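Please walk me through this model in the viewer, one selection at a time. I would like to know what to select next and what is there.

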Amino acid sequence: MWPNERVARFVNENLLAARVHPRQNPDAFKQYSERYKAPWTPTILLLDSDGVEHHRIEGFLPVDDLLAQLMIGRARIAFDAEQWADAERRFREVVDTLPNTDAAAEALYWSGVAPYKATGNPASLKATGQAFKERYRDSPWAKKASVWT
Amino acid sequence: MKIDFRQDVDRVLQEAKAQQKPVLLDFNAAPM
């Protein structure tokens with residue numbers, strides 16, 4: 001799915017990209033697959049600027065699902081850096097632009113958490129819990145958000 | 001448009017730190 005235009009644009013605009021190949025570059029593959037405990041391919045890691053992993057994508061995904069996972073990973077890096085507004089915007093962008101992907105429910109969940117972390121106001125959690133009554137009702141994320149309503 | 005994948009991971013991690021930019025690290029056996 002890497003040749004896809006939307007995926008390529010997102011990666012080039014948001015990330016520095018490196019690839020290790022198990023046969024063409026076996027030494028590097030051994031080094032980094034051991035460091036990050038990633039023995040299987042394809043595996044994609046989203047790392048912060050210090051090389052710390054924040055999100056992992058294992059196995060093949062269709063374009064929209066891959067793009068949504070990459071966007072979630074980028075949002076997760078912002079979230080873990082306590083960049084709440086940026087994280088909320090990025091999670092919400094997944095819900096708004098790729099609503100039919102598996103990642104959308106997860107993004108909806110965290111789009112409610114980020115403003116709560118910023119303000120301490122539980123209104124965003126309650127609103128998110130309500131939103132899960134309208135969409136993604138069968139997802140595990142709806143169960144997790146059910147305590148917010 | 002293609003992704004600007006690079007194979008020197010150490011170099012990419014150094015640049016990421018300098019630029020404060022996150023990294024995509026792809027373990028992939030597909031033809032390069």
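A helix axis here is a line fitted to C-alpha atoms over the stretch in contact, and angles between axes run from 0 to 180 degrees between N-to-C directions. The model is a predicted one.

Start within chain A: select α3(A) and helix α4, residues 84–97 of chain A. Their axes cross at roughly 165° and come within 8 Å. Because an angle over 145 degrees counts as roughly antiparallel, α3(A) is roughly antiparallel to α4(A). The crossing of α3(A) with α4(A) is left-handed.

Now show the side chains where the two helices touch. On α3(A), pick Ala68(A), Met71(A), Ile72(A), Arg74(A), Ala75(A), Ala78(A) and Phe79(A). Facing them from α4(A) are Asp86(A), Ala87(A), Arg90(A), Phe91(A), Glu93(A) and Val94(A). Colour this contact by residue class: nine residues are nonpolar, four are charged and none is polar.

Next, bring in chain B and select the contact between the chains. Chain A puts 35 residues into it, and chain B 24 residues. On the side of chain A that touches chain B, the elements giving two or more residues are α1 (5–14), β1 (16–20), α2 (26–35), β2 (43–47) and α3 (63–80). By class, that side of chain A holds 19 nonpolar, nine polar and seven charged residues.

Finally, which strand of chain B pairs with β1(A)? Select β2 of chain B, residues 23–27: the pairing with β1(A) is parallel and runs over five bridges. Within β2(B), centre on Phe27(B), which stands opposite Val20(A).

Technical notes:
Residues are numbered from 1 along each chain as its sequence is written. Chains are lettered from A and ligands numbered from 1 in the order in which they are written. This is a predicted model: local features need pLDDT of at least 70, side-chain atom pairs count only at pLDDT 80 or more; totals for chains, interfaces and linings use all residues. Two residues are in contact if their C-beta atoms, placed from the backbone, lie within 7 Å. Helices (H or I, at least four residues) and strands (E, at least two) are DSSP runs, numbered from the N terminus. Ala, Val, Leu, Ile, Met, Phe, Trp, Tyr, Cys and Pro count as nonpolar, Asp, Glu, Lys and Arg as charged, and the others, Gly among them, as polar. Two strands pair if DSSP finds at least two bridges between them. Angles under 35 degrees count as roughly parallel, over 145 as roughly antiparallel, 65 to 115 as roughly perpendicular and the rest as oblique. A crossing is left-handed if the near helix is turned anticlockwise from the far one by less than a right angle, and right-handed if clockwise.
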